[in-house]
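Here's a quick tour of the charged pairs in this one and the strands around them. Have the structure open as you read.

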Amino acid sequence: MSEAPIIAQKSPYPVEVEAGKSYYWCACGRSSNQPFCDGSHKGTGLAPTKFTAEDSKRVFLCGCKQSANAPFCDGSHKTL
């Protein structure tokens, strides 16, 4: 059974990503390297979400870990 993710923050993380580069978004909320994974999920039953940037641009990654469009913010933090 998976533990519930921790809300890292109630707002998105603006991040500059590079086209073609892969990233691992923290899905558990425990990483000290938010919004990216640092391995803190081990033993929680949760795992990071890998994504590859299509373009070099600024994206808004979910900070509350509740987004239905993970790893991207969908505004879910507004209801917390």
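## Arg30 and its partner

Let's start with Arg30: its relative accessibility is 24%, so it counts as partly exposed. Bear in mind that this is a predicted model. Arg30 pairs up with Glu3 in a salt bridge, where the closest N and O atoms sit 2.8 Å apart. The two come from distant parts of the chain, 27 residues apart: Glu3 is in the segment before E1, while Arg30 is in the loop between strand E2 (22-25) and strand E3 (49-52).

How accessible is Glu3? Its relative accessibility is 38%, so Glu3 counts as partly exposed too.

## The other salt bridge

The count comes to two salt bridges. The other one joins Glu16 to Arg58, with 3.0 Å between the closest N and O atoms. Glu16 lies in strand E1 and Arg58 in strand E4, so this pair ties together parts that are 42 residues apart in sequence. Glu16 and Arg58 are both exposed.

Strand E1 covers residues 13-17 and strand E4 covers residues 57-61; they run antiparallel, joined by five bridges. Within E4, Arg58 is also the bridge partner of Glu16.

Terms used. Residues numbered from 1 in each chain as written. Predicted model: local features only at pLDDT ≥ 70, side-chain atom pairs only at ≥ 80, totals over all residues. Heavy atoms only, no water. Pairing = 2+ DSSP bridges. Helix = DSSP H or I, 4+ residues; strand = E, 2+ residues; numbered from the N terminus. Salt bridge = Lys/Arg side-chain N within 4 Å of Asp/Glu carboxyl O. Buried < 20%, exposed > 50% of the residue type's maximum accessible area, 1.4 Å probe, protein only.
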